[in-house]
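Take a first look at this protein chain. Follow it from the overall fold down to single residues.

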Amino acid sequence: QMQLVESGGGLVQVGGSLRLSCGASGRSLSSYACGWFRQAPGKEREFVAVLSWSGGSTYYADSVKGRFTISRDNAKTTVYLQMNNLKPEDTAVYYCAADFLGEYGVVDPTSLARAMDYWGKGTLVTVSS
């Protein structure tokens with residue numbers, strides 16, 4: 001069993017930036033696709049971004065494309081979500097998830113969430129206006 005732990009959430013003003021991190025207590029994530037999902041108050045969880053296990057492909061929700069970037073460190077123990085130009089609608093709990101050997105031709109957000117093998121407990125991002 002692998003435990004994912006997110007960090008880096010907090011309060012930021014509109015237009016600001018945050019970088020979220022996700023790790024597995026030093027365990028390698030090299031065999032996992034890693035994704036970020038979020039859930040705003042009163043709304044369903046939604047897909048944000050995913051990085052394939054090979055590192056060769058990234059996918060983003062249209063709402064964050066051009067503002068968010070998903071990446072992984074060289075040691076492949078930490079996955080990041082760099083969030084720029086934050087908007088009030090980005091306010092949510094952000095969850096990291098991992099899918100063993102995940103590679104995706106076409107990303108269907110609902111199927112992608114079901115494919116994830118492990119989930120973190122989330123980190124809260126609040127964007128204030």
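**From the whole chain to its details**

Of the chain's 129 residues, 47% count as buried. Buried here means a relative accessible area under 20%. Keep in mind that this is a predicted model.

What is the chain built from? It has 1 helix and 11 strands. Trace them along the sequence and the order reads β-β-β-β-β-β-β-β-β-α-β-β. The radius of gyration is 13 Å, close to the 14 Å that the globule rule gives for 129 residues, so the chain is as compact as a globular protein of that length. Its C-alpha atoms fill a box of roughly 40 × 30 × 25 Å along the principal axes.

Now consider which parts of the chain touch. Take the contacts with a separation of 6 or more: 62% of them are between residues 24 or more positions apart.

Next comes the surface. The accessible surface of the chain is about 6,600 Å². Carbon and sulfur atoms account for 47% of that surface. Charge is the next point. The chain carries 12 positive and 11 negative side chains. The centres of these two sets lie 3 Å apart.

Zoom in on strand β11, residues 123–128. Which residues make up its covered face? They are Thr123, Val125 and Val127. The uncovered face holds Leu124, Thr126 and Ser128.

Strand β2, residues 10–13, runs parallel to β11, and 4 bridges join the two. Here Gly10 stands opposite Val125 of β11. Tyr94 has Thr123 in β11 as its bridge partner.

Finally, visit two loops. Lys76 is in the loop between β7 (68–72) and β8 (78–83). Its phi is near 60°, a positive value in a residue other than glycine. Is Lys76 buried, partly exposed or exposed? Lys76 is partly exposed, with a relative accessible area of 32%.

Leu101 lies in the loop between β9 and α1 (109–115). Phi of Leu101 is near 55°, again a positive value in a residue other than glycine. Leu101 is partly exposed, and its relative accessible area is 41%.

Note on methods. Residues are numbered from 1 along each chain as its sequence is written. This is a predicted model: local features need pLDDT of at least 70, side-chain atom pairs count only at pLDDT 80 or more; totals for chains, interfaces and linings use all residues. Side-chain values use heavy atoms; hydrogens and water are left out. The radius of gyration is taken over C-alpha atoms; the globule rule is 2.2 Å times the number of residues to the power 0.38. Buried means under 20% relative accessible area, exposed over 50%, partly exposed in between (1.4 Å probe, protein chains only). Contact means heavy atoms within 4.5 Å. Accessible areas come from the Shrake-Rupley method with a 1.4 Å probe; for residues, only the protein chains shown count as cover. Lys and Arg count as positive and Asp and Glu as negative; His and the chain ends are not counted. The place of a charge is taken as NZ of Lys, CZ of Arg, CG of Asp or CD of Glu. Two strands pair if DSSP finds at least two bridges between them.
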